[in-house]
Amino acid sequence: MKLAFIDRRLVANFDWKLLALVLTIAAVGVFNIYSATASYGISGTPYHVRQLYWIVLGLSLVVLSCSIDYHLFEDFSYWFYGILVFLLLVVLVAGRTSMGATRWLSLGFFNIQPSEIMKIVMIMATARYFANLQVPHSLRLRDLGLPFLLVGGPVLLIMKQPDLGTAILVALIVASIMLYVGISPATLATLALSAVPAIYMGWHFYLRDYQKNRILNFLNPERDPLGSGYHIIQSKIAVGSGGPFGKGFLAGTQSQLRFLPEQHTDFAFSVFAEEWGFAGGMFMLTLYVVLILWGLDIARKCNDYFGSLLAVGVTAMLFWHIVINIGMVIGLFPVVGVPLPLFSYGGTSMITSMVGMGILFNIRMRRFMF
Amino acid sequence: MKGERFIREERAFGKRLVWLSVFAATVFFLLLLRLWYLQILNAGDFLALSENNRLRLVPLAAPRGAILDRNGKVLVGNTPSFSLAVIQQDVKDSDTLLSRISRLLQMDVDELLDKWEKGRKRAKFYPIFLASGISRDQVELLEENRLHLPGVDVEMKPVREYPNGTLASHLLGHIGEISEDELQRAEFSAYHAGDYVGKGGVERSWEKELHGADGGRQIEVDARGRVLRTMSEGSPTVGNTIMLTIDLELQKLAEAAFGAQAGAAVAMDVNTGEILAFVSNPGFDPALFTGRMPPEKWKAYLEDKRHPLENKALKGQYPPGSTFKIITAIAGLEEGLIDANTTVNCSGSYKLGKQTFKCWDKHGHGPVNLRRALKESCDVYFYQLGERLGVDRIAKYAKKLNLGAPMGIGLENEKGGLIPTAEWKEKKQGTKWFRGETLPVSIGQGYVLTTPIQLASMIATVANEGTVYRPYLIKKVLDKDGAVLREFGPTAVAKADVKSTSYRLVKEGLLAVVNESKGTGGMARLYEVKVAGKTGTSQVVKLPARKGGIPYERRDHALFVAFAPYDKPEIAVAVVVEHGEHGGSAAAPIAGKILRAYFEGKGVIKRPVRETEDETGADEEDAEATPAVLRREGESVPGGTE
């Protein structure tokens, strides 16, 4: 029953509309990357072509993860979890350092980023834990002890790299799953209150200066208009100057003259909003909101508990990436290095997103099989 | 088994999913609102900011207009100079940049830092000039290291060039960076900090014509400040050219005639008022004021007893000494108190009440008439005449010849001198005029003060017998292509209504001063042209006659006024040699040289044989080097008032 096989029924149940949505977002992303990197003058394979390779690789991962019944993931999720925690420890000891952070493991021919894989694995492990939790009521504090340990360990390891963005994302994803499972109001209030001292302690003992600066500069970008506040200011200028209909493809002055930082990766959305204006921005937000609601719909229609939790987790992962990234480039959140799923340039992000999408497709196509 | 709990709570899960969906949709709606705020409500502001990011206005400095002499020879021009400018917005790490520049140009880091800090306060994207006047080699060095010098730009700017060095420096003036005070004035409302303006002389007074209008170039730059293309360009308008009435050759020779002596000379066209030479000696180097003045140079200028920074011709107010006897004589003739034959017996001094007024010649001149009194500069003759005239009648004729007020030659801060009257004293000091105070006035001492320009104008008026022309310096204003925009001609400010016989009698006396034996002005004599003139020696402080060591700053001033040719006057000259002691020995030779130069220039006199020039040159140097000798000589060639 749970064996990996593909039968005609599954192909018939494949969610082609969702695939069309995903490919639309990715295709717009490729055009946008073309524009964002037009001024780079790089030799070698251009970014938009490389992004196409990543999309093709991502799609093959979608096919791969579809072909394995997601119920198998439940059985192996703790194993995966254990392996990933181990890998995170290895990263700390023997990771490859780049730009002040140790995030990668070198496997000779390519590098992997365990924290990125951890997002997916954490969703699986959390889903499994709550799917098997036998309590007749909403979650209370004592029910959360083990999940906190389950999540807290990897989050701390990721923060140690340091990669605050990913750590926050992992925590947010797990929190979203918990909310879905249901937390009693009293517990929710307790957690909210205990967050205050936690933030205080975190600020004073944990955050690095550059991270503090990012937050302070976010709260007041004029604090250092040429330094780290520069990114927020320039990105807001790019988005705002796009106006209702934008400056046109390849005609964004902020991006073409390279006033934007990281404009093909984290700030890709600013490039798009500058060149396509409010109309373009609204178009992208619509695509994304449909994607998210679709994901939640998959969770709703899923007939088993694990699958439903898994779908919510994957959807939460996409949701938080999208919200934090767009919120950042339009000046609502501090600058954290979070790419826009399916849209920003980058292999890691594309693979994680596509694996997540694969899981959603997987759940969707097997909803009648239970 | 797993499904049981799920099925039991299916409805609760479904409800929570609805909530999650609503939450997600709400968050997206908030993002959309934010986009609305940025892209619809504030699009204009952000568009302006993005334009501001990429477009910059680079000011293009207008070359100042040139200043030419009357024949079109360049007195002040422009020459290209390379400066190093930095756009501060393009500099991320100023410390590293400044230390690199200091290494490449071998300049002091502190000096660069100072300029940088000052420049930072200025307008956005306005270039900060860190070094000017850098050589072509240094420019090449900077170009080679361009990649390591973000924000650095080498700009070519025209700077002032003075082909004749210190020549006519007071007249031409200098330029310098506009000061904070000047920026506040309405006159400079179009100027920016860092602009250059005229700071003195013609440069200052004719700033409006010379300055031109700065242009600007709108350029597109990328985030690193690299210039991508020029969007539009408004080219600068070159300032207008000013053609002076000065004759470069005459000016050169007039300045040379002073040697190291301090003083002033003004040579004027008798029939127009054009100033042909305008000397204030010693001069200064105007080029030093444009850039960074070496402190030791500045100190030397300030400490020089001869005051090189003072415009003596324009602002120097000197008692005219015996040159003023011309006025007293005219007053006497006009008022009918004397005629050509009126004789006074000079015993060497004149008593008025208890006071004794000495003649410069203590042995006395014996019986003197007007001609002899002028020729030998007898003080007693004029004491007696002055006493009979009274101060107000002397003042009346002085003012007819336009003394006592600025002439309005068109330079700033021209001084007016002083012609005292009884009323003036009453007002100024609250006491009435004493008869004893008239006597020094009659020989150009006491309260009387005149400027070299006024003296030149006075003698010119005598020469042309009554027309007071306003002395003027600007002949033409030309545009950059040489087309005449404005032309200036003679302006008669007043007609000094004095009988021509009075002028003739005085002029005869002045001819004798230079050309007859015992005349005090013999050293101004030219054999080819008849020169008429009057010596003057004016007291700086009243001192008992003391042989030898009178300190420099207490020695008398030497003056000489002259015109030539006697029969058909063309040129008038006034010379003041500060602390030169005797008009006849110190000032007359200089006036003579100026006149000679003028007539040589006209071809009336042939260029001299070398020896004679050497001789006079040696004379003059002796005079400066050994004042004691000069004093003794001064007694034998006397010239003025005790």
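How many salt bridges are counted between chain A and chain B? The count is zero, where a salt bridge is a side-chain nitrogen of Lys or Arg within 4 Å of a carboxyl oxygen of Asp or Glu.

The model is predicted, so local features need pLDDT of at least 70 and side-chain atom pairs count only at pLDDT 80 or more, whereas totals for chains, interfaces and linings use all residues. Residues are numbered from 1 along each chain as its sequence is written, chains are lettered from A and ligands numbered from 1 in the order in which they are written, and side-chain values use heavy atoms, with hydrogens and water left out.

**Figure 1. The contact between chain A and chain B.**
Chain A contributes 58 residues and chain B 38 residues to the contact, contact meaning heavy atoms within 4.5 Å. The size of an interface is often given as the accessible area lost when the parts come together. Here the buried area is about 4,200 Å², and carbon and sulfur atoms give 72% of this area; buried area is the accessible area (1.4 Å probe) that two parts lose on being put together, summed over both.

**Figure 2. Chain B in outline.**
Chain B has 25 helices and 23 strands; helices (H or I, at least four residues) and strands (E, at least two) are DSSP runs, numbered from the N terminus. Of the 642 residues in chain B, 53% are buried. Buried denotes under 20% relative accessible area, exposed over 50%, and partly exposed the range in between (1.4 Å probe, protein chains only). Among contacts in chain B with a separation of 6 or more, 71% involve residues 24 or more positions apart.

B:Arg204 belongs to helix H9 (residues 201-205) of chain B and is buried, at 10% relative accessibility. Beyond its neighbours within four places in sequence, B:Arg204 contacts B:Arg185, B:Glu187, B:Phe188, B:Gly198, B:Lys199 and B:Glu412. One of these residues, B:Lys199, forms a salt bridge with B:Glu182, whose closest N and O atoms are 2.8 Å apart. Because B:Glu182 lies in helix H8 (residues 180-184) and B:Lys199 in the loop between strand S7 (196-198) and H9 of chain B, the pair ties together parts that are 17 residues apart in sequence. B:Glu182 is buried at 7% relative accessibility, while B:Lys199 is partly exposed, with a relative accessible area of 29%.

Helix H17 (residues 379-389) and helix H18 (residues 391-400) of chain B pack at an angle of about 100°, with axes 6 Å apart. Axes are lines fitted to C-alpha atoms, for helices over the stretch in contact, and angles run from 0 to 180 degrees between N-to-C directions. H17(B) and H18(B) are therefore roughly perpendicular, a class that covers 65 to 115 degrees; angles under 35 degrees count as roughly parallel, over 145 as roughly antiparallel and the rest as oblique. B:Gly386, B:Arg388 and B:Leu389 in H17(B) meet B:Val391, B:Arg393 and B:Ile394 in H18(B). These contact residues comprise three nonpolar, one polar and two charged. Ala, Val, Leu, Ile, Met, Phe, Trp, Tyr, Cys and Pro count as nonpolar, Asp, Glu, Lys and Arg as charged, and the others, Gly among them, as polar.
A salt bridge also joins B:Glu387 to B:Arg435, with the closest N and O atoms 3.0 Å apart. This pair links helix H17 with helix H20 (residues 435-442) of chain B, B:Glu387 and B:Arg435 being 48 residues apart. B:Arg435 is exposed at 56% relative accessibility, and B:Glu387 is partly exposed at 21%.

**Figure 3. Packing of H21(B) with H22(B).**
The axes of helix H21 (residues 452-463) and helix H22 (residues 500-515) of chain B are 9 Å apart and form an angle of about 115°, so the two helices are roughly perpendicular. B:Ile459, B:Thr461, B:Val462 and B:Ala463 in H21(B) meet B:Tyr503, B:Lys507 and B:Leu510 in H22(B). By class, five of these residues are nonpolar, one is polar and one is charged.

A:Glu274 lies in helix H12 (residues 268-301) of chain A and is buried, with a relative accessible area of 0%. Apart from neighbours within four places in sequence, its contacts include A:Ala238, A:Ser241, A:Lys247, A:Thr253 and A:Gln254.
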